[in-house]
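Subject: Structure for you to look at

Dear colleague,

Please find the structure below, with the sequence alongside. My notes on salt bridges and on one helix follow.

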Amino acid sequence: MALDDLLPAQSTEALAITCDDAACANPEDEAPSDFTYADGTLKWDSTEIRDDDVITVINTLGGTAEYTIFSLQPENAEEKSEGKQDEKTNCPFKLRTTNAMILPQGFLSKFQFQGLPAYLQSAKDVHVLISTLSGTGLSVAFFDEILHPLLRAVGFEDSKYTVLKTKSAESVKEFTQFNLVDGANEGKEQVVILLSGDGGIVDTINTLLQGKERPSTYAKPTFVQLPLGTGNALFHSLHKPSTLPSIYIQGLRTLLHGKPKALPIFKATFSPGARLLINEGQTATPLPNNAVYGAVVGSHGLHSTLVADSDTTEYRKHGDKRFGMVANDLLYPKDGPPHKYKTDVTFFQGSKAVPLDRKEHGYVLATMVSNLERAFTISPESKPFEAALRVVHFGALSGDEAMEVMKAAYDNGRHLKNRAVGYEKVDGLKIAFREEGEDWKWRRCCIDGSIVGVEEGGWMEVRVLGQGEEAINVVAD
Ligand SMILES: Nc1ncnc2c1ncn2[C@@H]1O[C@H](COP(=O)(O)OP(=O)(O)OP(=O)(O)O)[C@@H](O)[C@H]1O
């Protein structure tokens, strides 16, 4: 197995991270009385914590103080723009713990920890799964520096869960096969705290749904996602719109207070010669049953080519900027206008099959979610956990026109006002490829970040699955 052995969490000193001494109180001392709480800011002496940065407040039983406030150090915009992140870890996040004897009631009623959420209390097995290469590779540091101390502080000791770190692109699937499948089939309540982007979720779903039919005892494993990927589409789409500047705070609060909900999914079926392309497109492997399940997006055209071409070790270093870097090459190729993708597209709505008249396309994207990135609202009408597929599509536009559509999607989904853009709610769609040539290049589809190459004359069909066919729960606020 290409995973670390199942490890109990290693011991660290939970409260030894940072401490604002101004508020650290010795029980022998008089209780500080100089805290004020107004306009979403807790202040004492010359220090403050804003609501937006607070994770939780715990009763520090047996400690030197009555309470410990867990918060994240606010990102210093000035330092960030100068590239001065934490020098040791290069992390955009840092845990801050503040001890206090007395806190204003208004602050406590908002943030005091009320006990472990029901889904964690009732779980028989809890795993923390750390996808080491997700996003810009911050998930190990996030566990060590933020999540692990926090879990210990809220009484979720190391012995209650195991920790796994991925070692290869197969690790999540192997973890699911060896640790989740049997338990799920036997009806065991299992929880996975997942530090990854969308890829971790899609790998799990596909492994759970592979193989023989599910028994009636099947219990969906529950996932809590801490968003450490690049786009984090699921995270941004499944949560209530939030004004919180930090997705890490939103993720941690969801872990402590959220409730599991069944995650709607779709099934993408392919013609027999289709292959999963991995290892920067160097390796082509057959798809089990010619199908891939997804929860985010099934696409062909500019989107799928962009995801495929930018999924290299080199581009990944740039985080979500990698999409923009490759978009430029695709929208303004040296030898003329952007590629015109030649396919026949059919939408399925109830019992009707509606062919699209247009025969050349720039973009055909079916999605279950509203946002592919925090600010990229591709399908504004999609609601969290709605089992509905919507297609966004446009024809062979010029580079400037396509760029304008993309920019408008970053502006609250304004692209839908553009008459060149189609938007339909469907039960499914089929794309039949007319692109010629042995190379997959223009016949690559994207399913939640995975890339599938389709053979000449092949096809992809995407169908939303009904209630009861879901594979996992996801904890949301
Ligand atoms: N140690 C590793 N070696 C090789 N591949 C890895 C390793 N750890 C994770 N991976 C792979 O890296 C990819 C990370 O995908 P994930 O979706 O989590 O992040 P992302 O693509 O950055 O984010 P998003 O999908 O939200 O845009 C997955 O395909 C996963 O299998």
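There are 14 salt bridges in the structure, which is a predicted model.

The side chains of R50 and D53 form a salt bridge, with an N to O distance of 3.2 Å. D53 is buried, at 7% relative accessibility, while R50 is partly exposed at 32%. E386, at 21%, counts as partly exposed. Shared partners also link salt bridges into a network, made up of R50, D52 and D53.

The salt bridge between E170 and K173 has its closest N and O atoms 3.8 Å apart. E170 is partly exposed, with a relative accessible area of 34%, and K173 is partly exposed as well, at 24%.

The other item is helix α12, which spans residues 399–409. Which of its residues are buried? They are G399, A402, V405, M406, A408 and A409. An α-helix has 3.6 residues a turn, so residues three or four places apart point the same way. The cover over the buried residues of α12 includes helix α11 (321–331). Strands β20 (360–367), β22 (376–377) and β23 (389–395) are also among the elements that cover them.

Regards

Notes: Residues are numbered from 1 along each chain as its sequence is written. This is a predicted model: local features need pLDDT of at least 70, side-chain atom pairs count only at pLDDT 80 or more; totals for chains, interfaces and linings use all residues. Side-chain values use heavy atoms; hydrogens and water are left out. Buried means under 20% relative accessible area, exposed over 50%, partly exposed in between (1.4 Å probe, protein chains only). Helices (H or I, at least four residues) and strands (E, at least two) are DSSP runs, numbered from the N terminus. Contact means heavy atoms within 4.5 Å. A salt bridge is a side-chain nitrogen of Lys or Arg within 4 Å of a carboxyl oxygen of Asp or Glu.
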